[in-house]
Amino acid sequence: MRLQAALLARAVEYDRAFAARARARVLVFILVRPEDSDSVRVGEQIRLELGAIAQIGGLPHSEEIVPYGSARELAERIAKQAPAILYLSAGLGANVEPIARALEGLSILSVGVSASYVAKGAVLGFDAESGRPQLLVHLGQARRQQVEFRSEFLKLAKVSQ
Amino acid sequence: MKRFRLLPGLCWLACSIGIARAAEPSSLEELLGQSIVSTPSKGDETDTSAPATSSVITAEQLRRFGIRSLDEAIDYLSLGMATSSPLHAVEIGARGVLIDGDYGNHVLLLVDGHALNEPWNGTAYFERGAGVPFDLIDHIEVMLGPGSVLYGSQAMLGVIHIVTKRAKDATGLRLIVEGDTTVPARRDGALRGPASAHFGRDLGAGYRLAGSYGREFVLGHLPSELTLGLDYYENHGPTWHVGPQAYGDDFVTGAPKDFGPRGIPGVWGGVLRKADSLQVPAGYLRFSSGDFKAALRASAFQRSSAFPDGLVATSADFDDPFNRESDRFLNLDLSQRIAASSRLELILHGYADLYDYHWHNRTRAAEDCPEELSNGCERALKGVGRSLGGELRAIVQWPLLRASTLLGLDAKLGNVEHQLDIQSLTGLEHAAPRGGERTDGLVAPYVAQSFSPASWLDLNLGLRLDHDTRFGNKLSPRSALGVTPWGGGRLKLIYAEAFRAPSPYEITYGDPNSELPATGLGPESVRSVEGSVEQRFGSHRLLFGLFRSWWSGMVGTEALSPEEIEAGVARGDLVAGVTDVARYSNVERIDNYGLNAAYDGAALDGRLRFGLNVTAATSRVDAGDGSSSQVLAVAPQTFGNARASYEIAPAWPTVAAALRFSDRRLANRAYDGGFSPTPSAPPLLALRLAASGTLSSLPGLGYRVGAEYSFAKVEPYVIGAAQYANDNVTQAELAPIPRLGGFIGLEYSFEAARGAALDP
């Protein structure tokens with residue numbers, strides 16, 4: 001979780017649209033399934049780890065744990081509160097696809113806890129191969145969510161369409 | 001005065017804090033360059049933040065450098081560890097300490113968290129004998145220093161953890177075929193040319209057939225996966241020229257000593273054509289569904305004992321393939337993770353191990369056999385070990401200080417037995433068999449507490465108590481402090497202790513002619529303190545560390561006094577008339593200190609990669625017999641490796657070069673052999689070249705080809721019949737090294753071929 005938080009804080013610096021999206025303060029939604037202990041545990045952990053980082057993308061930040069109800073409710077809340085980042089915690093694998101569809105057109109960076117989330121429509125995800133961390137990017141979904149990663153970032157990541 | 005003594009420490013702390021406040025977080029490239037390790041804390045973390053010094057060898061590195069066995073990976077790519085080969089099973093050491101003849105039982109070997117050190121003697125093999133299908137390896141974590149705080153016995157020099165690939169990284173079916181050859185050498189170690197007589201016949205030859213399969217699927221709504229790897233390696237030769245050693249007469253018969261049908265009476269040596277062989281079949285199956293995991297591993301390691309060397313046998317017929325060892329392993333591992341609450345995670349872990357060992361030795365010399373078998377004898381030692389264990393782990397995440405608590409309880413039951421049979425060459429006469437059997441158990445609670453009160457500070461405290469029926473109680477503490485004083489920098493200070501439980505073999509072994517079973521044998525212990533500084537800048541990493549360790553209670557043989565021998569004879573434990581009798585005892589101490597340094601880097605968009613690892617140590621052993629301490633034999637004191645690889649272009653091969661080196665090493669008989677000059681192996685330098693890639697004309701087909709050349713000619717093991725100097729043999733002969741070899745391998749991935757067909 002610590003490495004994920006550090007990678008996320010650095011990755012957003014390569015998103016051309018991030019500053020405009022975040023404005024003065026970065027709001028991070030951490031989406032969890034309240035009935036899933038693992039989901040809540042991972043959500044709490046990433047909240048703690050992000051909280052220990054002074055700035056995200058050069059800006060102050062705050063995190064909010066958001067219980068998942070439906071994709072539509074989530075999209076409405078995002079439209080209203082305008083978070084810059086949506087972190088998808090564990091246990092949401094089956095919900096990533098409807099969430100991705102609901103986020104189309106909104107300006108938000110969705111980040112999945114695992115690689116499998118990217119295949120289902122999270123813009124950014126994390127994996128490990130040969131004992132080394134990996135960044136995964138869903139480029140098509142990034143465009144649909146107005147995330148514009150720089151080419152030097154895409155060189156460091158594993159990109160899918 | 002105390003106030004002034006504290007000043008430097010306070011200044012250092014204040015400066016660190018001041019710098020830390022100004023510290024910039026690591027760049028993305030630096031973060032992606034970190035390794036993720038699971039060995040130091042039994043959970044994923046970066047090597048930078050882990051409470052240990054470790055290096056990670058990736059599958060990509062194994063491919064680039066044409067690495068084909070665990071010892072090659074350790075020698076050419078790891079920091080702080082090195083192996084030494086007596087030409088049967090390699091020995092492993094770390095940071096200047098290598099315990100000669102320990103069968104690898106001072107290093108814990110894990111595969112996906114399952115300990116492979118067997119229950120009878122704690123043996124583990126660090127070469128092909130590790131018995132893990134090589135193409136299934138995702139990465140190898142090499143953790144230096146004591147690791148008993150979480151793992152208990154064996155983790156004294158360090159822990160080597162082989163992590164296998166997940167199905168997504170080994171999708172589909174892959175088939176591998178590989179061949180290798182070794183050029184024979186003359187008696188003086190000089191390589192023979194192709195024009196020399198019988199060159200083709202005398203070449204060493206080996207082959208490997210392997211396959212792997214991986215698949216992800218959904219089982220009852222749960223993401224599941226299965227990986228399977230099968231591997232078979234076999235090697236024969238090359239031919240070795242050894243001796244001649246003018247041994248002289250058999251002290252029983254008075255006639256020139258009989259070295260068997262391929263030997264010359266009274267003279268040990270000649271051409272070894274049949275006695276160098278190796279077979280290693282291995283299989284590994286891993287299945288997971290949701291949070292449940294199961295793994296099954298089976299392997300065998302059969303190798304010849306090419307010549308007497310004091311490790312496996314001190315006497316044997318010359319060039320006799322009957323002289324051999326074999327080990328068989330069967331390991332089962334089951335685990336279930338349970339997210340009990342948003343703060344508590346439980347892991348239930350069960351494991352079972354079956355193991356057996358066979359040693360065969362044949363000699364026609366009367367002096368090497370019991371009195372009643374004066375026409376020669378065959379020895380067969382069988383050891384069997386079975387163990388069954390369970391572990392409960394609880395991980396509690398605290399909302400404050402980014403604190404985490406790991407609580408564990410490990411319990412294990414083990415049963416071992418061994419029997420030594422000695423019979424005449426005809427099989428009609430037998431000496432009384434000797435053996436033993438023993439059942440032991442252990443219960444070991446442990447706790448590890450980590451705190452990260454600030455982004456630049458990590459504290460880790462741990463303690464494990466092993467209650468073992470073999471020796472009682474043993475505490476293994478560890479404390480580690482990690483500070484990030486500036487961007488990309490990391491300081492670590494670690495104190496740790498570890499132990500090795502006396503093996504059932506050491507506790508029970510006795511020989512009425514020479515050895516009494518040990519009494520009150522305790523665990524070996526090591527205490528270690530180390531400090532390191534690491535700096536990352538972009539894709540470069542620099543590490544420098546200092547270490548000091550104190551080893552005590554090391555098991556060695558202690559000569560018994562005439563009174564003790566007399567008492568042994570009176571009890572019936574010894575035969576009447578014996579004069580030289582020993583017993584395993586906690587007699588030796590080792591004092592060790594030194595430094596290690598590492599540099600890894602990349603350039604040209606990561607196409608050029610390079611690295612260097614260096615360790616320099618001083619290790620002295622005190623035999624506990626009143627004599628002064630001595631430099632530890634066999635153990636390299638200055639050693640390391642350097643490497644570079646370059647990806648020319650996508651359609652071109654990746655070329656790689658690596659070298660390993662070590663300083664002069666004293667031979668295993670340096671102190672007790674009586675040889676002149678004192679035997680030692682000259683400095684070692686070995687160079688390895690490899691090329692690997694895929695063929696664009698044949699999608700799915702990959703290749704690798706390479707060669708290895710050693711400038712050194714011998715390893716520090718005295719070989720032959722003359723293990724000790726005598727009137728005829730005053731100079732020691734050392735174990736030869738395979739000096740020049742080459743290999744070629746092909747791999748076909750059905751998945752890659754299918755992908756290429758679908759997306760031309």
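Between chain A and chain B of this predicted model, six salt bridges are counted, a salt bridge being a side-chain nitrogen of Lys or Arg within 4 Å of a carboxyl oxygen of Asp or Glu. One of the residues that form a salt bridge is A:Asp38, whose partner is B:Arg337, with the closest N and O atoms 2.5 Å apart. In the interface, 26 residues of chain A are in contact with 35 residues of chain B, where contact means heavy atoms within 4.5 Å. The buried area, that is, the accessible area (1.4 Å probe) that two parts lose on being put together, summed over both, is about 2700 Å², and carbon and sulfur atoms give 55% of this. On the side of chain A, the most area is lost to chain B by A:Arg10, A:Arg41 and A:Ser130, which together account for 23% of what that side buries.

Within chain A, helix H1 (residues 2-11) packs against helix H3 (residues 37-51) at an angle of about 55°, and their axes are 9 Å apart. A:Arg2, A:Gln4, A:Ala5 and A:Leu8 of H1(A) meet A:Ile46, A:Glu49 and A:Leu50 of H3(A). The residues of this contact between H1(A) and H3(A) comprise four nonpolar, one polar and two charged.

Residues are numbered from 1 along each chain as its sequence is written, and chains are lettered from A and ligands numbered from 1 in the order in which they are written. Local features need pLDDT of at least 70 and side-chain atom pairs count only at pLDDT 80 or more, whereas totals for chains, interfaces and linings use all residues, and side-chain values use heavy atoms, with hydrogens and water left out.

Technical notes
Axes are lines fitted to C-alpha atoms, for helices over the stretch in contact, and angles run from 0 to 180 degrees between N-to-C directions. Helices (H or I, at least four residues) and strands (E, at least two) are DSSP runs, numbered from the N terminus. Ala, Val, Leu, Ile, Met, Phe, Trp, Tyr, Cys and Pro count as nonpolar, Asp, Glu, Lys and Arg as charged, and the others, Gly among them, as polar.
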